[in-house]
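Here are a few notes to read with the model open beside you. Take them one at a time and find each spot as you go.

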Amino acid sequence: MDVEDLIAFVEVADAGGISAGARRLGVSKSIVSRRLFRLEAELGVQLLARTTRGAALTEAGITFRDHAAKVRAEIDAAKETILPAGELRGRLRIAVPLSFGPPHFAPVLAEMARRYPQLHVHAAYSDRFVDLIAEGFDCAIRVGYLPDSNLIARRVGPISGKLVASPGYIKAHGAPETLDELIAHEALMQGTESWQLMDGDKIVTVHPQGRFKADNGTALAVAAAAGLGIAWLPDCVINDYVASGALVPIMTHHPPPSAGAYVVRPPGQHPSRKVRVLTELLIECLGDNPYLA
């Protein structure tokens with residue numbers, strides 16, 4: 001059984017189609033189709049049911065996919081163990097937040113590519129919640145508070161933030177001073193998230209409401225500066241706004257608890273060496289970055 005055929009099947013199965021699997025592998029659809037045909041011929045069963053919308057796993061495909069994924073993971077681990085010390089090869093596919101990923105995390109990824117010239121670094125910048133397993137990412141950098149999930153996370157640096165509003169909004173609506181007053185104000189949010197704030201030595205969760213939402217922290221900062229409402233944003237997004245007076249910190253007696261920047265990866269016994277190296281490099285670089293803390 002050809003290893004490349006096995007890998008192609010895992011990528012297509014996880015991506016949900018031949019076209020998406022080919023993009024993840026960086027090869028043409030025709031190459032992927034040939035590999036799948038060879039694998040099915042070798043096994044004597046149909047693994048994928050081709051449809052106009054992609055490819056769905058057959059019953060045999062569902063069973064085989066789990067075993068194939070384990071084999072692929074073992075092959076990747078075996079390749080890493082025979083590399084010369086300090087050398088990395090292959091591809092690292094990573095999801096990075098768009099709001100402040102380019103200025104704060106892009107230099108770290110560039111440094112990693114510089115140190116390891118045979119490593120292909122593919123970074124996707126987006127503030128949406130990326131499904132690492134379904135979309136074929138090795139890992140992601142996420143900031144804030146991590147929701148419960150089956151992903152494995154490693155904290156690589158601190159993130160602090162504030163509740164802010166524009167002077168114009170405060171003049172028109174006042175500045176809330178209690179948690180009950182805060183809920184009555186217009187909130188600028190990424191979705192339907194809750195906010196965690198300190199009440200003395202306890203963490204209290206509030207559920208803000210508002211009519212303006214955006215999946216990007218920078219866009220929320222712009223909306224806050226325009227007087228549309230109150231936003232909870234990381235310091236590294238709002239430092240310039242606060243320094244210029246365009247945004248004013250509020251609810252300072254109820255600050256958000258310290259959050260963090262994390263590397264998250266799909267579950268497995270051991271992280272790949274590429275992910276381990278990236279994690280250690282982020283810890284090294286973020287520790288010297290005063291704009292994140």
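1. Start with the crossing of α6 and α12: α6 passes α12 in a right-handed crossing. Keep in mind that you're looking at a predicted model. Helix α6 covers residues 106-115 and helix α12 covers residues 273-286. Their axes sit 10 Å apart, and the packing angle is about 125°. That angle makes α6 oblique to α12, because the roughly perpendicular range stops at 115 degrees and the roughly antiparallel one needs over 145.

2. Now for who touches whom in that pair. On the α6 side you'll find V108, L109, E111, M112 and R115. Their partners in α12 are K274, V277, L278, L281, L282, E284 and C285. Sorted by class, the residues of this contact come out as 8 nonpolar and 4 charged, with no polar ones.

3. Which residues have the most contacts inside the largest nonpolar core? They are F105, M112, L278 and L282, in a core of 36 residues. Helix α12 supplies the largest share of this core, with 5 residues.

4. M112 deserves a click of its own. Leaving out residues up to four places away in sequence, M112 touches L88, L92, L119, K274, V277, L278 and L281. Two of these names, L278 and L281, also turned up on the α12 side of the helix contact.

5. There's another core, too. Apart from the largest one lies a core of 16 residues, and L6, V10, A22 and L47 are among them.

6. Have a look at P107 as well, which is found in helix α6. Is P107 buried, partly exposed or exposed? Its relative accessibility is 46%, so P107 counts as partly exposed; exposed would take over 50%. The C-alpha atoms of P107 and L282 are 9.9 Å apart, although 175 residues separate the two along the chain.

7. From α1, the contact uses E4, D5, L6, A8, F9 and V12, while α3 brings V32, R35, L36, R38 and L39. By class, that gives 7 nonpolar and 4 charged residues, and no polar ones. You've met L6 already, as one of the residues in the 16-residue core.

Key
Residues numbered from 1 in each chain as written. Predicted model: local features only at pLDDT ≥ 70, side-chain atom pairs only at ≥ 80, totals over all residues. Heavy atoms only, no water. Axes fitted to C-alpha atoms, helices over the stretch in contact; angles between N-to-C directions. Helix = DSSP H or I, 4+ residues; strand = E, 2+ residues; numbered from the N terminus. Parallel < 35°, antiparallel > 145°, perpendicular 65-115°, else oblique. Left-handed = near helix turned anticlockwise from the far one by under 90°. Contact = heavy atoms within 4.5 Å. Nonpolar A, V, L, I, M, F, W, Y, C, P; charged D, E, K, R; others polar. Core = buried A, V, L, I, M, F, W, Y, C linked by side-chain atoms within 4.5 Å. Buried < 20%, exposed > 50% of the residue type's maximum accessible area, 1.4 Å probe, protein only.
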